[in-house]
Amino acid sequence: MTSAKVGRRQALRAGLGGVAAAVLSGCAEDTGPVQRLHLATGPRGGPYNAFGRALARAVAGSGHRLEIAAVSTAASVDNLRRLNDGSVELALAMADASEDAVQGRAPFLRKAAVTALARVYVNYTHLVVPADGPVRSVKELAGRQVAAGAAGSGVQVVAGRLLRAAGLLDGRSPIRERRLGLADSVDGLRAGTVDALFWSGGVPTPALSALAAELPLRFLPLDGYVSALRKRHGPVYTTVTLPAGAYGLREPVGTIGVGNYLLARADVPDRAVLELLQVVFDQWRVLLREVTAGARLEPRFAISTGQVPLHPGAKAYYRSVYG
């Protein structure tokens, strides 16, 4: 176990018993006004938006004096900015963008005051081209039109880093990036106005499954770039596999995995955070069914939020789980 993981486990055990007991006792009373929290999700029809709406429904049926209002956004980068400026109290964001925010790295101008509640699931990076086209590797995208994620999205972050690692943003053999969301990217690939699309999400992503049913697709392997990305950007990137059967794939395809974090402002009350996490862990099967197949959510997985600190209420919740 790394020293960072040991430190995180020690933090969960140190001095939190009183907080957990007080918050749990407060939850049992079910008194006081309803706490309304705004959750920045993503564009309508996307996985973050689906997760957020499912979470709002689960909270509404939980009996807690808590209400979640899911807010449609451009996704990760946009969500982190909204969280930092106080226009929302909760947000979903990819791990790489979240760590950039707390460290004050581009595209963020200064360090963002955000905390983590849980790492909820892993995104799989998809780089998709027509199966009957000439492109069989990332480098063969040189000079082509590529839908590289909507402005303000986490897709834009990972796509840009991958293309830079492949030498396609160095000016010698540049691609032509198009800032398109998933729906417009799918339309562009179908119509032939883009040669490839990037997407980062669960497996299967319904929009890509629908496209694969009408247009033979090739999913380019990306796992060979994980080492370079980790060397430059840290362990937020991992090797994962698009499984055989998904999208009609005959063989598995190695690609890049990026965690998704449920985040909160530090000033969200501990009680609200603990109640929210109770719902998340009680209803994770329903919530993850909305975004990715076969995933599980366990506390030991959920606390792995890298450089993004856990909210005090989240620490209290995990302390109550670990005992």
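Let's start at Pro 107. This residue sits in the loop between helix 5 (95-103) and strand 4 (114-130). Helices here are DSSP runs of H or I with at least four residues, strands are runs of E with at least two, and both are numbered from the N terminus. What kind of peptide bond joins Ala 106 and Pro 107? A cis one, with omega at about 10°.

A word on the model before I go on. It is a predicted model, where local features need pLDDT of at least 70, side-chain atom pairs count only at pLDDT 80 or more, and totals for chains, interfaces and linings use all residues. Residues are numbered from 1 along each chain as its sequence is written, and side-chain values use heavy atoms, with hydrogens and water left out.

Back to the backbone. There is a cis bond from Val 203 to Pro 204 too, with omega near -5°. Pro 204 lies in the loop between strand 7 (196-201) and helix 8 (206-214). Why point these out? Most peptide bonds are trans, and most residues other than glycine have a negative phi.

Ala 75 is not a glycine, and its phi is positive, near 100°. Look for Ala 75 in the loop between strand 2 (66-71) and helix 4 (76-85). Is Ala 75 buried or exposed? Buried, at a relative accessible area of 10%. The cut-offs are these: buried is under 20% relative accessible area, exposed is over 50%, and partly exposed is in between, with a 1.4 Å probe and protein chains only.

Tyr 247 also has a positive phi, about 60°, and is not a glycine. Its loop runs between strand 9 (237-242) and strand 10 (253-265). Tyr 247 counts as buried, at 12% relative accessibility.

Now follow the chain to strand 10. Twelve of its 13 residues are buried, so this strand is mostly covered. Which strands pair with it? Pairing needs at least two DSSP bridges between the two strands.

Strand 3 (residues 90-94) runs antiparallel to strand 10, joined by five bridges. Met 94 has Asn 260 of strand 10 as its bridge partner. Next, strand 4. Nine bridges link it to strand 10, again in the antiparallel sense. Here Arg 119 is partnered by Tyr 261 of strand 10. Then strand 9, antiparallel to strand 10 over six bridges. Thr 241 finds its bridge partner in Gly 254 of strand 10. As a reminder, side chains in a regular strand alternate between the two faces of the sheet.

Leave strand 10 and you come to Pro 269. It is in the loop between strand 10 and helix 10 (270-282). Pro 269 is partly exposed, at 36% relative accessibility. Its C-alpha atom is 9.0 Å from that of Pro 312, which is 43 residues away along the chain. What does Pro 269 touch, leaving aside its neighbours within four places in sequence? Gln 35 and His 311. Contact means heavy atoms within 4.5 Å.

Another loop proline is Pro 174, between helix 6 (154-165) and strand 6 (176-178). At 40% relative accessibility, Pro 174 is partly exposed. Pro 174 and Arg 164 are ten residues apart in sequence, with their C-alpha atoms 9.8 Å apart. Beyond its neighbours within four places, Pro 174 contacts Ala 142, Gly 143 and Leu 168.

On to a helix pair. The axes of helix 7 (residues 182-191) and helix 8 come within 10 Å and cross at roughly 10°. Axes are lines fitted to C-alpha atoms over the stretch in contact, with angles from 0 to 180 degrees between N-to-C directions. That crossing makes the two helices roughly parallel; the term covers angles under 35 degrees. Helix 7 contributes Leu 182, Val 186, Leu 189 and Arg 190, while helix 8 brings Ala 207, Leu 208, Leu 211 and Glu 214. These contact residues divide into six nonpolar, no polar and two charged. For this count, Ala, Val, Leu, Ile, Met, Phe, Trp, Tyr, Cys and Pro are nonpolar, Asp, Glu, Lys and Arg are charged, and the others, Gly among them, are polar.

Last, the whole chain. It has 13 helices and ten strands. Of its 323 residues, 52% are buried. Among contacts between residues at least 6 apart in sequence, 76% join residues at least 24 apart.

Key. Parallel < 35°, antiparallel > 145°, perpendicular 65-115°, else oblique.
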